[in-house]
Amino acid sequence: MDASSRSTRLARMGRPASGWANTPIVKGSTYLFESIDQWRDTRARREKERVLSYGARGNETVYALEDAVAELEGGHRSKLFPTGLAAIAATFLACLKAGDHVLISEGVYQPVRRLCADQLVRYGISHSYFDPRQTDMKQALKPETRMVYTESPGSLLYDMLDLPAMAEICRPRGITLCADNTWGSGFVYHPLALGCDISIMAATKYLGGHSDVMMGTVTAAESHFEAIENVSINLGQTVSAEDAFLVLRGLRTLGLRMKRHAESALEVATWLAGQSAIRTVYHPALQTDPNHALWRRDARGSNGLLTVEFQPALAPQAVEDAIGRLRHFGIGSSWGGFESLLLPVDAARTRLSHEGGPRGYLLRLHVGLEDVEDIRKDLGRMLDGLPAVSQQQAIAE
Ligand SMILES: *Cc1c(COP(=O)(O)O)cnc(C)c1O
């Protein structure tokens, strides 16, 4: 697929074959049948195929988005969940049972750690973490490992994983390889094509794209879809038609938005990397980023996310005072919407603190669709508010 065919597909996916340009919002719990026979026949068929039968099993609007997401991710089929985290939790419950172990890469979205520690352990499912930069994954596997759960690039520092190499280890052992693809959002990264069995996205981020909807998606290879569909039914997971409509609407401009976010973020990242107050800029599209080679090999673009590490000589309070000078960046959770956002990163809590890792104040930026010159000037205002860091101080650190 070249860039134009990706965009062309975005304009077509999940649309009716005729009539309305967009699939209408269908509201409904009860679906009526012509006869008991038809009802009975539908109940039997819905175990094997997607047929309208009851609101919780989906409707035309939900199906349209399921189809669009499956096409975007290059998977067999997709299921929708009320949040990205719900999609992750459902995937664990679909693929793991008491006695199983899940191996998780460092750098996953932080609430996953809490989900594993608070919930999975209570069901007798064990977990452990591995740092792909320091450990050979094979060594971290246990006889009872049934799933490897990853996020590539990882949250906060965007460390890329070699998914094809991981798939080669998992496949012969029958271990499910699962990736959180929120960073790539199905447009610039494709875990299923790289060998994963399951790809999860928080559609809350770039797919929705407008900071006005929450949703999660799970897309599976044919071998894993039945388990995902069953967990969705058994846990009563569904999404509203309005929300599905909003995500479908967001999808239409996904390509345009991602391109603009990526161009602006790279410009901002390049500029920030040359500023004396900044020690490191984490953004895989930067040539100096240690993940750049893998990013070039496996990704087809980047996005608006970057994380900066300030010089360790700068006190956190001084950095936070300077952040107060920003006018165009909101302070808040999530990212992937139209607007610029920032949040401090707690490195200890996310276990990013390893040897050679960041030591200064970490700030995650989401570069929005505003004019990039305004964003750069805004960040300049923040840097101007910091005490000067001498060359010696920077080197001594
Ligand atoms: C935001 C996010 C999620 C969770 O999505 P919600 O819709 O907020 O639950 C999962 N994974 C990653 C990488 C995220 O950034």
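Among contacts in the chain between residues at least 6 apart in sequence, 73% join residues at least 24 apart. This figure, like those that follow, is computed from a predicted model.

The chain contains 14 helices and twelve strands. Its radius of gyration is 22 Å, close to the 21 Å that the globule rule gives for 397 residues, so the chain is as compact as a globular protein of that length. Along the principal axes, the C-alpha trace spans about 80 × 50 × 35 Å.

Of the 397 residues, 53% count as buried. The accessible surface of the chain amounts to about 18000 Å², and carbon and sulfur atoms account for 50% of that area. As for charge, the chain carries 43 positive and 46 negative side chains, with the centres of the two sets 2 Å apart.

A search of the whole structure for disulfides returns zero.

| Cysteine | Nearest cysteine sulfur | Distance |
|---|---|---|
| Cysteine 95 | Cysteine 178 | 6.8 Å |
| Cysteine 196 | Cysteine 178 | 7.2 Å |

Because a disulfide requires the two sulfur atoms to be within 2.5 Å, the 6.8 Å between the sulfurs of cysteine 95 and cysteine 178 leaves cysteine 95 in no disulfide. Cysteine 196 is likewise in no disulfide, with the sulfur of cysteine 178 at 7.2 Å. Cysteine 95 is buried, with a relative accessible area of 18%, and cysteine 196 is also buried, at 5%.

Definitions and conventions
Residues are numbered from 1 along each chain as its sequence is written. This is a predicted model: local features need pLDDT of at least 70, side-chain atom pairs count only at pLDDT 80 or more; totals for chains, interfaces and linings use all residues. Side-chain values use heavy atoms; hydrogens and water are left out. Buried means under 20% relative accessible area, exposed over 50%, partly exposed in between (1.4 Å probe, protein chains only). Helices (H or I, at least four residues) and strands (E, at least two) are DSSP runs, numbered from the N terminus. The radius of gyration is taken over C-alpha atoms; the globule rule is 2.2 Å times the number of residues to the power 0.38. Contact means heavy atoms within 4.5 Å. Accessible areas come from the Shrake-Rupley method with a 1.4 Å probe; for residues, only the protein chains shown count as cover. Lys and Arg count as positive and Asp and Glu as negative; His and the chain ends are not counted. The place of a charge is taken as NZ of Lys, CZ of Arg, CG of Asp or CD of Glu.
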